[in-house]
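Subject: Handing over the structure

Hi,

Here is the structure I promised to pass on. Please open it next to this message; my notes follow below.

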Amino acid sequence: MIFFIAVLFMALFTFFPSLFNIFSSFSNQTAVPVWNAGETANSGFSNIFSLFRSKQALVKKNTELTAKVADLEAKLGGYDFVIQENIEMKARQFGYPEKYIHAKVISRPNVSAYDTILIDRGSTDNIKKDAKIVSGNTYLLGVIEEVYPHSSKGRLFSSFGSVNNAFLGPENIPVEIHGMGGGFFSVEVPKDVDIRDGDAAVFSDDPELILAIVKKKEKDSMESFQTFYLQNPIALFTVKYVDVEKVN
Amino acid sequence: MITIDKKNTSYARRVLFDAVLLFFVFFFPWWYSVVFIFIGGLIFQNFFEGLVAGVLMDALYGTEAVAFYGFRLFFSSYSLLAIIITDFLKRKIRFLE
């Protein structure tokens, strides 16, 4: 009997998507305080555990980090990046550019199998459907799919089955970039095109935004196309803040 | 003298299990919930809380854009299947009864 009711509800939700959307909206509105409490508790626990770390572990960590800093400084060879970051942080602190709305991420893709991201801004903050989700004004993550009063759900471009148009490499070759889930993409280009590791794929609608970076090439085959695997440079499983495009 | 009511203990255990499952749905990677729903199905009779967890996962994280020909209840379907399969296993395997 209960199985029958369950199947009936699932059929109702499938054939009348608006019913499911109402349920989804209600669930999200109810869940936002839970997620927020979880975020607060998580940061609180991190602080408590930091008190119990041994001195030796801290010294070891310090040595590692010092070495890492020296390595990074050598790699940078200048402070342009730091200056740029400083300008961006000041802009964020004292008046964020009008183009984006800053939002806190309350649920990330590893919790969701659908490669979706949930943010703490909704229709009351003027978030609109199809607005782009970016990180650091540079990296494009996805688009807003569903907007609730105090939260929104965004779909990442890397979600499985998602296909987008992009320009790849220094020659801006137009390609179709396929989402593979978890921030990964794949792309096929003709074999004679020269693409290297670290080349960027930019979004065709807004070439200022980087979609992914080339990480790996599939082993050479006899086919006339070569496949490249790309990754979004943002650590999606730990991302804390994103910016959402203002749409009028 | 303290007496332990077996029925109440079992009930309390089930409520605790449900609370942990709900916690997993909200804060842990999805595969934790998937495994826990199956385990719940093996431990408890008519584990319909698993189905509720599945529907909740679809409602909280799914979108219309990732629907398969309009169907978007992937975790709900998994939960229903898990409950049916575990129910079948429990009837066939003696130590799970």
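What share of the contacts in chain B with a separation of 6 or more comes from residues 24 or more positions apart? The figure is 51%. Please keep in mind that this is a predicted model.

**Chain B on its own**

Chain B has 97 residues, and 34% of them count as buried. The chain holds four helices and zero strands. Read from the N terminus, the order of elements is α-α-α-α.

**The α3(B)/α4(B) pair**

I looked at one helix pair in chain B. The axes of α3(B) and α4(B) lie 7 Å apart, and the packing angle is about 165 degrees. Angles over 145 degrees count as roughly antiparallel, so α3(B) is roughly antiparallel to α4(B). Their crossing is right-handed.

Which residues meet there? From α3(B), they are B:G50, B:L51, B:A53, B:G54, B:V55, B:M57 and B:D58. From α4(B), they are B:F74, B:F75, B:S76, B:Y78, B:S79, B:L80, B:A82 and B:I83. Sorted by class, this contact has 10 nonpolar, four polar and one charged residues.

**Where chain B meets chain A**

How many residues does each chain put into the contact? Chain B supplies 22 residues and chain A supplies 25. Of the elements, α3(B) gives the most, with five residues. So much for who contributes; the classes come next. The chain B side that touches chain A has 16 nonpolar residues, five polar ones and one charged one.

**Chain A and its domains**

Chain A is divided into three parts. Domain 1 covers 1–77. Domain 2 covers 78–158 + 236–245. Domain 3 covers 163–231.

Domains 2 and 3 of chain A touch each other: nine residues of domain 2 are in contact with 12 residues of domain 3. The domain 2 side of that contact has six nonpolar, two polar and one charged residues.

That is what I have for now.

Best wishes

How values were computed
Residues numbered from 1 in each chain as written. Chains lettered and ligands numbered in written order. Predicted model: local features only at pLDDT ≥ 70, side-chain atom pairs only at ≥ 80, totals over all residues. Contact = placed C-beta atoms within 7 Å. Helix = DSSP H or I, 4+ residues; strand = E, 2+ residues; numbered from the N terminus. Nonpolar A, V, L, I, M, F, W, Y, C, P; charged D, E, K, R; others polar. Domains from an automatic or database assignment. Buried ≥ 20, exposed ≤ 12 C-beta atoms within 10 Å, placed from the backbone. Axes fitted to C-alpha atoms, helices over the stretch in contact; angles between N-to-C directions. Parallel < 35°, antiparallel > 145°, perpendicular 65-115°, else oblique. Left-handed = near helix turned anticlockwise from the far one by under 90°.
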